[in-house]
Amino acid sequence: MQQNAYSTVTKTFHWLTALFILTVIPLGAVANRLPYETDAQLAFKAQLFSMHKTLGVIIFILAIGRILWAFTQTKPGPLHPDRKAETFLAELVHWLLYVSLVAVPLTGWIHHAATTGFAPLWLPIGQNLPLVPKSESVAELFAGLHWVWSKIMIGAILLHITGALKHVFVDKDGTLRRMWFGASDVNAPQAHNGGFMAPLAAIAIYMTATAGGAAAGIFSHSDGPTGPALAAVASDWTVQDGTIGITVKQLGSDVSGSFADWTSSISFDPEGADVLGNVETTIAITSLSLGSVTGQAMGADFFDAETHPTAVFVGEITAAETDYEANGTLTIKGNTMPVTLPFTLDIVDNTATMAGQITLDRRDFNVGASMADESSLGFSVIVEVALTATR
């Protein structure tokens, strides 16, 4: 049966989605450009991003509902079926919008779930997604897809609005009235009979844009400065594997990360006297992955990685009451402070396994000086070290 107007449910989906879309796009654009050099600036930027993300998830849910509803409805036919090119372009734009309303929010949601910390969702559904790991590479991939595909969505929206205005001011027909609330006396000359060309063309546009993004390196990039890999060091004990991780609290949420590049020169004799050995560890600051705030951490107010590309710990190993301690100095961002790292140690044959944890105060190293209180960034930084070394 031919239908000449859209149902009230379809119209509600359309205008509600339009309202959210025209809100979420400028929110994201403004939030991206805002500075975050002070507590107040960071808190405001995070609020805008939280609103952007939350609306994005709502748009995704609305889009799924709208698409499922559309499968049960007969779409009104075009008012000018004789204009083949214009009718095809309108159908293509609609398909681009359908895909965008699912793909763009979903990629943003996956990016959020793959990272930690900054700007939580304001929904009672948690911050994670099933099957999405906490991974910097996954986060970068979907952040890139979100950016590229959002440009397709914006282009489709502009074309859609342009087409609607043409129908109102140039054609002076009732196309827009069919999508507004109330009865419509506009009759289509024939029923809608969509083919496969428009959806195939929409998929081709998405594939082309994605391939272009991959060629431009958008899906794998670094937000901060990069430095040369650290050179190997001579050591009585050779580190086979290990991690140096940090956890900070930002806007009330724990954000954890780790350094991928570091070296340790270790001498240790469990049968020694007061001093059992020495350790010197050099950490490449630019190798830090810290979720969505990695780029911020590299900035001048934080680690200032461009000026101070490494952190260095030098200490002596001594026996404690139950385990061991490394007593020495830690230099970060040109600031040197005395520290003591307690750790456990297990030696089997010529293989040693150690694990230790220390809590530092970022203010001692002039990190995040603009964050004068803990409302945006906590003072305490938990450092966890674990390694296996062979003699």
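This is a predicted model: local features need pLDDT of at least 70, side-chain atom pairs count only at pLDDT 80 or more; totals for chains, interfaces and linings use all residues.
Local features require pLDDT of at least 70, side-chain atom pairs count only at pLDDT 80 or more, and totals for chains, interfaces and linings use all residues. Residues are numbered from 1 along each chain as its sequence is written, and side-chain values use heavy atoms, with hydrogens and water left out.

**Sheet**

An open, antiparallel sheet is built from 10 strands, in the order β3-β4-β6-β7-β8-β9-β10-β1-β2-β5. Strands (E, at least two residues) and helices (H or I, at least four) are DSSP runs numbered from the N terminus, and two strands pair if DSSP finds at least two bridges between them. The edge positions belong to β3 (262-268) and β5 (288-289); each has a single partner strand, so one side of each is left without a neighbour in the sheet.

| Strand pair | Bridges | Residues opposite each other |
|---|---|---|
| β1 (238-250) and β10 (380-390) | nine | G245 and E384 |

**Nonpolar cores**

A nonpolar core is a set of buried Ala, Val, Leu, Ile, Met, Phe, Trp, Tyr and Cys residues joined through side-chain atoms within 4.5 Å; buried means under 20% relative accessible area, exposed over 50%, and partly exposed in between (1.4 Å probe, protein chains only). The largest core has 76 residues, of which W149, F259, L288, L290 and V383 touch the most other members. Helix α2 (residues 39-70) supplies the largest share of this core, eight residues. A separate core of 11 residues includes V57, W109, A114 and L129.

Leaving aside residues up to four places away in sequence, F259 touches I244, I246, I283, A284, I285, S287, L288 and F303. Contact here means heavy atoms within 4.5 Å.

**Cavity and pocket**

On a 1 Å grid over the protein atoms alone, a cavity is a set of points where a 1.4 Å probe fits but cannot get out, and a pocket is an open set with protein on both sides within 12 Å along at least five of seven lines; lining residues have an atom within 4 Å of a point. Grid points are joined across faces, edges and corners, and a volume is the space filled by probe spheres set on the points.

The structure has one cavity of 30 Å³ or more. The largest cavity holds about 860 Å³ of space. Its lining comprises 46 residues, with I244, I283, L330, V383 and V385 closest to the centre. Strand β9 (residues 351-361) contributes the most to this lining, six residues. By class, 38 of the lining residues are nonpolar, six polar and two charged. Pro is counted as nonpolar along with the core residue types, Asp, Glu, Lys and Arg as charged, and the others, Gly among them, as polar.

The second largest pocket holds about 1300 Å³. It is lined by 44 residues, and N32, F49, H111, A143 and H146 are the closest to its centre. Helices α1 (8-33), α2, α3 (84-114), α4 (136-169) and α7 (294-297) each supply at least two lining residues, and α4 gives the largest share, 11. This lining has 20 nonpolar, 17 polar and seven charged residues.
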